[in-house]
Amino acid sequence: MVEQTNLYATQFVAAAQLKRRSRARKWEPVTTAEMKTFVGILILMGLVRLPTAAAYWSKGDLYGVQLIKASMARDRFLIILKFWHFADNAAAAPGDRLCKLRPLLELLNLNFSSVVTAGRDLVIDESMVPWRGRLAFRQYIPSKSHKYGVKLFKLCLVNGFTHRLEIYAGRADRDAGVGLAEAVVKRLTDPLLDAGRVVWADNFYSSVPLTEYLVSRKTHYCGTLRPNRKGLPKEVTGKRLKKGEVEGRMKNGVKIIQWVDKRPVFMISTIPGHGATLVDVGQARRTGEPVRKPLSVVEYNRSKKGVDISDQFSSYYSSLRKTLRWYRKVAVELIAGTALVNAWVVHCEQRGTQLPLLEFREAVARQLIGGDDAGPMSPPPPPAGRRLVHSIGKYEGAIRASRQRCKKCYEHLRAQGETRDSARAKIRRINTFCRDCPGCPPMCLDCFNRVHKRL
């Protein structure tokens with residue numbers, strides 16, 4: 001009886017030690033390479049939709065993605081996702097509702113504005129990140145495809161590149177003495193004023209005080225207008241016109257125009273050449289009669305599409321998933337949606353041809369995870385509770401003919417800033433490799449011991 005009790009005690013102690021080792025492995029600090037792999041997996045999850053996150057690591061024949069399973073263990077991914085934060089809670093400013101995302105938002109705005117220089121036309125509109133949970137500043141916009149969610153104010157270029165953005169956080173985020181729409185336009189455009197640019201926006205933002213302020217900052221404005229705004233001439237907003245007629249007034253360089261198509265359309269503009277006259281834009285398909293519109297309407301329809309393009313391509317292959325943390329869902333939209341679309345727009349313009357968005361997302365995911373051009377994939381962490389043993393082997397044949405460069409030495413030199421040719425020149429050739437890592441990569445003894453010392 002005593003021997004059996006000692007046996008149970010020994011087994012219990014061994015199991016406890018194994019559990020502690022497994023737990024310690026899961027709680028290791030996240031490296032830069034792991035975080036890149038994590039983001040790459042999130043992007044890939046938008047391309048391959050499965051019902052749950054754990055299904056991507058399924059061993060059955062129905063689910064499971066081999067690239068994801070080979071790059072990171074399931075438990076490691078779920079732990080990183082669980083503790084994925086973007087700010088230090090202890091350093092958060094009192095009353096800041098966006099303290100969870102403030103560093104990420106500032107970093108993205110800095111990178112967006114530094115990569116592309118804004119041109120003549122700037123487009124401002126709002127977007128929605130779907131969220132139906134309890135949140136103090138959750139919005140309801142019935143005209144959007146996602147009616148409930150977190151509202152983003154975007155300043156985009158005509159090609160769909162998001163230059164700057166803000167997250168609406170409720171009344172506490174408003175400027176004193178200024179309406180919400182006017183304050184948003186001023187904050188988004190402030191670094192780009194005094195350069196002769198043109199701001200395009202819809203009737204939510206349009207007002208006479210805003211256009212007068214932009215004119216004083218050498219910036220033009222054009223957009224649709226709500227007829228009940230203050231300071232509008234009654235000769236224009238209160239006049240009843242027939243279809244095809246146009247009426248307009250100008251004061252201090254601000255032009256108010258009413259044009260009737262199927263219904264009255266009100267425009268406000270400070271651009272020279274936008275007046276109460278009609279221009280030919282083509283012929284009607286059925287009747288063949290000429291179609292005439294005000295120049296402000298024609299150019300507004302042509303330029304206002306920037307935010308719509310960004311939202312449209314962000315919705316393709318979306319990586320958004322159900323979560324209990326609103327800031328993680330917004331972060332995934334900003335990183336795997338807005339930022340990725342920006343990178344795609346820049347890539348297509350520099351390349352000169354339109355690369356399909358699907359192929360671009362695949363390439364980015366592979367690059368981050370570590371496939372194809374990114375070098376060999378790192379060996380996956382061992383399953384919890386089990387020790388994985390790797391062995392080293394030697395290539396067959398003559399040593400001089402079978403020698404190859406160590407993959408891990410190459411990765412280490414590239415991470416230190418070495419160029420591809422310089423790294424290849426410094427790497428010694430070896431004829432040893434790891435038998436159990438994916439792809440059996442060539443490794444020197446030092447790299448083999450360093451990579452597998454935790455296994």
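Is Y205 buried or exposed? Y205 is buried, with a relative accessible area of 1%; buried means under 20% relative accessible area, exposed over 50%, and partly exposed in between (1.4 Å probe, protein chains only). Here are some notes to read beside the structure.

1. **Ground rules.** This is a predicted model, in which local features need pLDDT of at least 70 and side-chain atom pairs count only at pLDDT 80 or more, while totals for chains, interfaces and linings use all residues. Residues are numbered from 1 along each chain as its sequence is written, and side-chain values use heavy atoms, with hydrogens and water left out.

2. Helices (H or I, at least four residues) and strands (E, at least two) are DSSP runs, numbered from the N terminus. In soluble globular proteins, nonpolar side chains tend to be buried together.

3. Setting aside its neighbours within four places in sequence, W326 is in contact (heavy atoms within 4.5 Å) with R97, L98, L101, W131, L135, F137 and V150.

4. **An enclosed helix.** Why is helix α6 (residues 180-189) described as largely enclosed by the rest of the structure? Eight of its 10 residues are buried, so the rest of the structure largely encloses α6. Those buried residues are L180, A181, E182, A183, V184, V185, L188 and T189. They pack against strands β1 (121-130), β3 (148-156), β4 (162-167) and β5 (198-201), and against helix α7 (208-216).

5. The structure holds 14 salt bridges, each one a side-chain nitrogen of Lys or Arg within 4 Å of a carboxyl oxygen of Asp or Glu. In one of them, the side chains of E166 and R187 meet at 2.8 Å, N to O. E166 lies in strand β4 and R187 in helix α6, so this pair ties together parts that are 21 residues apart in sequence. E166 is buried, with a relative accessible area of 14%, whereas R187 is partly exposed at 22%.

6. D194 lies in the loop between α6 and β5 and R217 in the loop between α7 and β6 (220-224), so the bridge ties together parts that are 23 residues apart in sequence. Both count as partly exposed: D194 has 42% relative accessibility and R217 has a relative accessible area of 21%. Salt bridges that share partners join D190, D194 and R217 into one network.

7. **Back to Y205.** A search of the whole structure finds 14 aromatic pairs. Rings of Phe, Tyr and Trp (its six-membered ring) pair if their centres lie within 6.5 Å; planes under 30 degrees apart count as stacked, over 60 as edge-to-face and the rest as tilted. F153 and Y205 are an edge-to-face pair, 6.4 Å centre to centre and with 80 degrees between the planes. F153 lies in strand β3 and Y205 in the loop between β5 and α7, so the pair ties together parts that are 52 residues apart in sequence. F153 is buried too, at 1% relative accessibility.

8. **Charges over rings.** Which ring has the charged end of K186 over it? The ring is that of Y213, with the charged end 4.4 Å from its centre. K151 lies over the face of Y168, at 5.0 Å from the ring centre. For this kind of contact, NZ of Lys or CZ of Arg must be within 6 Å of the ring centre and within 35 degrees of the ring normal.

9. Strands β10 (residues 278-283) and β11 (residues 290-294) run antiparallel and are joined by five bridges; two strands pair if DSSP finds at least two bridges between them. L278 stands opposite P294 in β11. The hairpin has six residues between the strands, and G288 takes a positive phi near 80 degrees.
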